[in-house]
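Here are my notes on this model, in the order I'd click through it. Have the viewer open while you read.

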Amino acid sequence: MAVVVDRLRTERTTFSVEFFPPRNDDEERVLWRAVRELEPLDPAFVSVTYGAGGSSRDRTIRTTGRIAQETTLTPMAHLTAVDHSVAELRNVIGWYAASGVRNVLAVRGDPPGDPNGEWVRHPEGLEHADELVRLIRELGDFCVGVAAFPHGHPRSADLDVDADHLVRKVRAGAGFAVAQLFLEPEYFLRLRDRMAARGCDVPLLPGVMPITTPRVLSKFGELAGVPVPGAIEDRLLPLVDDPAGFRQAGVDVVTELCARLIDEGVPALHFYTLNRSKATRQVVANLGL
Ligand SMILES: Cc1cc2nc3c(=O)[nH]c(=O)nc-3n(C[C@H](O)[C@H](O)[C@H](O)COP(=O)(O)OP(=O)(O)OC[C@H]3O[C@@H](n4cnc5c(N)ncnc54)[C@H](O)[C@@H]3O)c2cc1C
């Protein structure tokens, strides 16, 4: 099974995709359609997020394992420290290994219920993602990625402290980082500069989400933790009553963002797909990837 850092070692920019674990049979069918439609495009890797609660977590393990066993794709499973003791985390990591998953995105996670609430670690668990990186690396031959925040993590005092913590996660053994969503490339590029200034040169992948509907646009604000830039609102909001026009303009906005990032030499674009493939395939085709 290939590892992500090797898959990123290419001359040209490539792309990767992110899914969430399906909650029922219908969602499972939708997800697998997207997987099969993206497979021929040979993404560098496909990742599956890790939710709160046992059944969602089981579905992450199952879905990632199925991708490992039934497709030609390189899977990456996310893992969080939320509500897990170290013994439970070891167990999940063991399941990943047993199902052929060698890539793990180690994220701390947010308090269940209220993402902005106070973080309380499990009494026998971990406090921060750097500890999770170390644990995963200790347990086997895993390639580990971490989360990065172009606008700074909401709990960080400032962007420099935030970059120090990101670099700490890399020094703990992460081989690459995937960035939270953003729409203004300068924020991503400045984060990359802050990493470079700290002597940290692991691949940093921009997180991008094709904006296909007004609902996805509002989800952007929620996920990125920053408002949608005014210039982009000015392009999209006049089209809210024209679904086809909105979709086209949203795909154009994201294509332009990606083109700039490719010019800046990013190794790969990481697409948040919301388990659909069409818009991602359109952007990838527009860019000639
Ligand atoms: C690409 C990506 C994928 C994600 N996937 C998932 C997912 O699958 N499931 C899910 O639930 N959530 C996911 N998240 C969300 C993530 O769990 C939250 O954003 C969480 O609040 C932060 O996780 P982290 O790994 O960055 O935590 P940490 O790196 O632990 O950072 C949390 C805060 O503590 C600070 N910090 C970090 N290390 C230290 C330290 N050693 N000492 C003091 N302060 C420190 C940081 O600067 C930050 O402010 C994802 C986020 C991204 C960007």
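1. Start with strand S5 (residues 143-148) and S6 (176-181): they pair in the parallel sense over four bridges. Pairing here requires at least two DSSP bridges between the strands, and helices (H or I, at least four residues) and strands (E, at least two) are DSSP runs numbered from the N terminus. Alanine 148 has alanine 179 of S6 as its bridge partner. The chain gets from S5 to S6 through H6, in a right-handed β-α-β crossover; right-handed means that, with the strands pointing away from the viewer, the path from the first strand over the helix to the second runs clockwise.

2. A word on the ground rules. Residues are numbered from 1 along each chain as its sequence is written. The model is predicted, with local features needing pLDDT of at least 70 and side-chain atom pairs counting only at pLDDT 80 or more, while totals for chains, interfaces and linings use all residues.

3. On its other pairing, S6 runs parallel to strand S7 (residues 204-208) over three bridges, with alanine 177 opposite leucine 204. Helix H7 (residues 185-197) carries the chain from S6 to S7, and that crossover is right-handed.

4. How well covered is S4? Five of its five residues are buried, so S4 is largely enclosed by the rest of the structure. Buried means 20 or more other C-beta atoms within 10 Å of the residue's own, with C-beta atoms placed from the backbone. Asn103, Leu105 and Val107 point one way, Val104 and Ala106 the other. S4 pairs in parallel with S3 over five bridges and with S5 over four; valine 104 stands opposite both alanine 77 and valine 144.

5. Now the core. Its largest nonpolar set holds 81 residues, and Val104, Ala106, Ala148 and Ala177 touch the most other members. Such a core is a set of buried Ala, Val, Leu, Ile, Met, Phe, Trp, Tyr and Cys residues joined through C-beta atoms within 7 Å. Beyond four places in sequence, alanine 148 contacts Leu166, Ala177, Val178, Ala179, Leu191 and Leu204 (contact: backbone-placed C-beta atoms within 7 Å).

6. Finally, the ligand: 23 residues surround it, the closest being Thr49, His78, Arg108, Ala129 and Ala147. The cut-off is a backbone-placed C-beta within 6 Å of the molecule. H6 gives the largest share of this shell, four residues.

Technical notes:
A residue is buried if 20 or more other C-beta atoms lie within 10 Å of its own, exposed if 12 or fewer, and partly exposed in between; C-beta atoms are placed from the backbone. Two residues are in contact if their C-beta atoms, placed from the backbone, lie within 7 Å.
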